[in-house]
Structures are given as C-alpha cells and as structure tokens.
Amino acid sequence: MASTHELADRLHSAAIHLLRRVRKSDVATGVTPAQLSALSVLMSGPKTLGELAAAEQVKPPTVTRLARELERLGLAKRETDKTDARVARLRSTAKGSAILQRGRDLRIAELERRLRRLTRAELKTLDDAAVIIERIVRD
C-alpha cells in the first residue's frame, strides 16, 4: 500500500489530468476558461472585484479586465452596494449562469463518456471513492 504522501501525490496528479481532459469541452461554451472560472465564483453570489481577485488568485488589474469583458458579453453585471455606494459588486446574469451550466453539462457528459468504459466493479469503487473525497473536501 502507498504511503499517505504517495497517495496524495497520485490523487493530486489524477485530479489535475482529469480536469484537463474534461475541460477540453469548454471551447463549446464560446467563452474563455478564465471567464468560466470567474462565473463559477459568482454563482455563490455577488462579489467585489477584490473578492473575485482573491478567489481567482489574480491581481486587481487582471480581474478588472476580466470583469469588464464579462460585462461587455452580458455575462455579469456590476451593482452598487446598497449600504455603501463606494462599493461595487459583480454578479452573474442569467446569460452568464446559462453559459456556466452549459460548460458544466459538457464536462459531465465528457466524464460520463469516459466512465461508460469501466466495469461495474470499477464504477462501484469510484462511487465509494467519491464519498470519501467528498468527505475530505468538507473538512
């Protein structure tokens, strides 16, 4: 059996490679990976540009350009904070939410296509592993 360090290394690598494989379908959404990522952050609610920059781990000028592009495309809208007019928040529009959902649907379909190649026993093992991984990410 692998050590916990070796297992962590393998899971990290596998997760990255799996995401890269299914992200290939993102092209069909018509928006960039950065735009999809920002929209996914906005799905939890409106964010200031600072909050969005922190979540996306980018610098303020980068997130400012990204926000402008999302607004130009009609995927997000800037709103003034009701309690502090100096604060603006960016929120996803219905169009942005629909594109994000389309991207998710495409990724899931690609992953499902790959899962169909597995045996019932392998699918059961992955189902059990998913429960464990979900528990790990909750901690």
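Visitor: Why are H1 and H5 called roughly perpendicular to each other?

Guide: Helix H1 (residues 4–23) and helix H5 (residues 94–115) pack at an angle of about 115 degrees, with their axes 8 Å apart. Angles of 65 to 115 count as roughly perpendicular, under 35 degrees as roughly parallel, over 145 as roughly antiparallel and the rest as oblique. H1 and H5 are therefore roughly perpendicular. The axes are lines fitted to C-alpha atoms, for helices over the stretch in contact, and angles run from 0 to 180 degrees between N-to-C directions. This is a predicted model, in which local features need pLDDT of at least 70 and side-chain atom pairs count only at pLDDT 80 or more, while totals for chains, interfaces and linings use all residues. Residues are numbered from 1 along each chain as its sequence is written, and side-chain values use heavy atoms, with hydrogens and water left out.

Visitor: What makes the contact of H1 with H5, and how do its residues divide by class?

Guide: Contact means heavy atoms within 4.5 Å. On the H1 side are Leu 18, Leu 19, Arg 21, Val 22 and Arg 23, and on the H5 side Arg 107, Glu 110, Leu 111 and Arg 114. They divide into four nonpolar, no polar and five charged. Here Ala, Val, Leu, Ile, Met, Phe, Trp, Tyr, Cys and Pro count as nonpolar, Asp, Glu, Lys and Arg as charged, and the others, Gly among them, as polar.

Visitor: How many helices and strands are there in the protein chain?

Guide: There are six helices and three strands, in the pattern α-α-β-α-α-β-β-α-α along the sequence. Both are DSSP runs numbered from the N terminus, helices being H or I with at least four residues and strands E with at least two.

Visitor: Why is the protein chain called more spread out than a compact globule?

Guide: The globule rule is 2.2 Å times the number of residues to the power 0.38, and the radius of gyration is taken over C-alpha atoms. For 139 residues the rule gives 14 Å, and the radius of gyration is 18 Å, well over that, so the chain is more spread out than a compact globule. Its C-alpha trace spans about 55 × 30 × 25 Å along the principal axes.

Visitor: What makes S1 and S2 the edges of the sheet?

Guide: The open sheet of three strands has the order S1-S3-S2, with antiparallel pairing. S1 and S2 each have a single partner strand, so one side of each is left without a neighbour in the sheet.

Visitor: How do you know which strands pair with S3?

Guide: Two strands pair if DSSP finds at least two bridges between them. Two bridges join strand S1 (residues 47–48) to strand S3 (residues 88–92), and five join strand S2 (residues 76–80) to S3. Arg 89 in S3 stands opposite Thr 48 and also opposite Glu 79. Lys 47 has Leu 90 in S3 as its bridge partner.

Visitor: Why are H2 and H4 called roughly perpendicular to each other?

Guide: Helix H2 (residues 33–42) and helix H4 (residues 60–72) pack at an angle of about 85 degrees, with their axes 10 Å apart. By the cut-offs already given, H2 and H4 are therefore roughly perpendicular. Ala 34, Gln 35, Ala 38 and Leu 39 in H2 meet Leu 66, Glu 69 and Leu 70 in H4. That contact has five nonpolar, one polar and one charged residues.
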